[in-house]
Amino acid sequence: MFNMSTGMMVLMAVLFFFWSAIKILNEYERGVVFRLGRVIPVKGPGLVIILPIIDKLVRVSLRTVTMDVPSQDVITRDNVTVKVNAVVYFKVVDPIKAITEIENFYFATSQIAQTTLRSTLGQSQLDDLLSKREDINAQLQKIIDLQTEPWGIKVTAVETKNVDLPVEMQRAIAKQAEAERERRAKIIHAEGELQASYKLADAAKIISSESGTLQLRYLQTLTEISAEKNSTIIFPLPIELLTPFLDRFKDKQNLPVKDA
């Protein structure tokens, strides 16, 4: 009976040893092993055998982590208060540093991203924040990556998502956009008038070169008016038709006066 109990205990000890010694790491995982408190080379992926009680295994994922940065109150350089949130993409490139250099690399990266978001956007103007997002994102990524590099963390991208403006600022921007639209409309209208004047001047030169052209233009105008079934037709009388009468009248005025 004693031998049977001893055998069961030995069997359980062996099973516990194998259960504690054999670890399986996925392709995207690496194992940081502490042997008596000291770090040994990284293990994995696949089947990993450690020494129970002596070794301690810490799993580290190498996949890209998508971390949402909560909305931050930012005062821009032109004294406009906005709320900005972002998303940060990062991954572990050095598992040993990620475990030994920082207590919680995920929490630390989140805090660095929040403080960097406030400080960097506070140096930008509102117009740059709305129109130059790519440049701001690249700047944020560079700053955050520089601070997390000693921890074995690589920041691959930073994207600002929403920029919440106060209601008063939204109205001001709407008025500015409306004024810009009106300015463009006036410029386009003026350019159209200028081009039309050039064309009219060219047409006047062509019409003045041929005397019959003006008469044909009058007839064409009458045709267009009659097609619209108007009750009143205004017919322009060419001044050239009155030229002979005016010349005869001038000749009579210039005749010498006979003495009585």
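Among contacts in this protein between residues at least 6 apart in sequence, 64% join residues at least 24 apart. Contact means heavy atoms within 4.5 Å.

This is a predicted model: local features need pLDDT of at least 70, side-chain atom pairs count only at pLDDT 80 or more, and totals for chains, interfaces and linings use all residues. Residues are numbered from 1 along each chain as its sequence is written, and side-chain values use heavy atoms, with hydrogens and water left out.

The protein has 8 helices and 8 strands. These are DSSP runs numbered from the N terminus: helices are H or I with at least four residues, strands are E with at least two. Of the 260 residues, 24% count as buried. Buried means under 20% relative accessible area, exposed means over 50%, and partly exposed lies in between (1.4 Å probe, protein chains only). The protein exposes about 19100 Å². Carbon and sulfur atoms supply 59% of that area. Accessible areas come from the Shrake-Rupley method with a 1.4 Å probe; for residues, only the protein chains shown count as cover.

Two residues show the local picture.

| Residue | Helix | Residues in helix |
|---|---|---|
| M169 | α6 | residues 167-209 |
| D145 | α5 | residues 133-148 |

M169 has a relative accessible area of 24%, so M169 is partly exposed. Leaving out residues up to four places away in sequence, M169 touches V80 and L126. The C-alpha atoms of M169 and T81 are separated by 9.4 Å, and the two residues are 88 residues apart along the chain.

D145 counts as buried because its relative accessibility is 12%. With residues up to four places away in sequence not counted, D145 touches I153, K154 and V155.
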